[in-house]
Amino acid sequence: VVVVAVVVVVTQPLMANGLVVGCIGDSITQGGCQVSSEQTYVSVANRTLAPTRKFQLFNFGVSGCTMLSDALCGATTPVRGSNCSWVASWAAKPAYALRADVYTILLGTNDARSFNWILNSNSTDDFALDYYALIGHLLGLRPGVTRVVVMSPIPLYIDGSFGISARLLNDLVVPKVQRLGQLTSMLLHDRVTFLDMNAEYVKSGGGASTTCDGCHPNVQGNIVMGKVLADYLLANYNNM
């Protein structure tokens, strides 16, 4: 999923009594479909939550990024010697420096390119290991304080869009994130929670018509995702 990267600079004063939320992801978080920064689901959630004065969200989405730490860049053709892991991206350092109260993670779509998923060894499950490593790193930024929300990727509606396999994403990656999120939230229920964005997106009216290319949510799709995230944060972190 490749769009032009936009550097996030935290210029607003952090809320004295509210929760700071760092949103980690790929171009679906950053904003595909030529949506503006104010039309992303992160911005929609920010505006939806603004009247509560309890949340402030920051966007650390980077186009093309993966969860797999050794994944390659490129759409249909891999760029040899490249690294498109989110943890290796420009956004990781400022995201960590934010020391947010809550981090959301929405990654996995770009991992579903065949040349990336083949790197996920069945014996070691590198995707899950890399996911757990990121969760652990985020929790360690402020031990006992930071919380993490694992989010499942939204469906892919057009096979091959940006070189992404619908079978790999919908049938393998999404169920893996769902199981990982459910398990982690059970084991670390006071530190990690799971938002099944995949299911909630569809349940709330998201579909092929709310994407511009079968992959990226359009303005309406971002509204759906933003309201889902806002409702989830209010229900689960309002009293944190």
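Predicted model: local features only at pLDDT ≥ 70, side-chain atom pairs only at ≥ 80, totals over all residues.
Let me start with the surface. Leu 129, Tyr 132, Leu 183, Met 186, Leu 187 and Leu 188 form a nonpolar patch there, and together these residues have about 600 Å² of accessible area. Two elements each give two or more residues to this patch, namely α5, which spans 126–141, and α6, which spans 166–187. Of the elements involved, α6 gives the most, with three residues.

In general, a pair of packed helices is described by the angle between their axes together with the distance between the axes. For α5 and α6, the axes come within 11 Å and cross at roughly 45°, and α5 and α6 are therefore oblique to each other. As for the hand of this crossing, α5 and α6 cross in the right-handed sense.

The second pair is helix α2, residues 41–49, and helix α8, residues 219–237, whose axes come within 7 Å and cross at roughly 50°. This angle makes α2 oblique to α8 as well, and the crossing of α2 and α8 is right-handed.

Now to the backbone, where two residues deserve a careful look. Most residues other than glycine have a negative phi. Gln 34, however, is not a glycine and yet has a positive phi of about 60°. Gln 34 is found in the loop between α1, which covers 27–30, and α2, and because its relative accessibility is 81%, Gln 34 counts as exposed. The other case is Phe 162, again a residue other than glycine, with a positive phi near 55°. Phe 162 sits in the loop that runs between β4, residues 147–151, and α6, and with a relative accessible area of 29% Phe 162 is partly exposed.

I will finish with a tyrosine in helix α7, which comprises residues 197–203, and this is Tyr 201. Is Tyr 201 buried or exposed? With a relative accessible area of 0%, Tyr 201 is buried. Tyr 201 is also 59 residues from Arg 142 in sequence, and the C-alpha atoms of Tyr 201 and Arg 142 are 31 Å apart in space.

Terms used:
Residues numbered from 1 in each chain as written. Heavy atoms only, no water. Patch = residues over 30% accessible without salt bridge, like charges linked within 9 Å, V, L, I, M, F, W, Y side chains within 5 Å. Areas by Shrake-Rupley, 256 points an atom, 1.4 Å probe, with all protein chains shown as cover. Salt bridge = Lys/Arg side-chain N within 4 Å of Asp/Glu carboxyl O. Helix = DSSP H or I, 4+ residues; strand = E, 2+ residues; numbered from the N terminus. Axes fitted to C-alpha atoms, helices over the stretch in contact; angles between N-to-C directions. Parallel < 35°, antiparallel > 145°, perpendicular 65-115°, else oblique. Left-handed = near helix turned anticlockwise from the far one by under 90°. Buried < 20%, exposed > 50% of the residue type's maximum accessible area, 1.4 Å probe, protein only.
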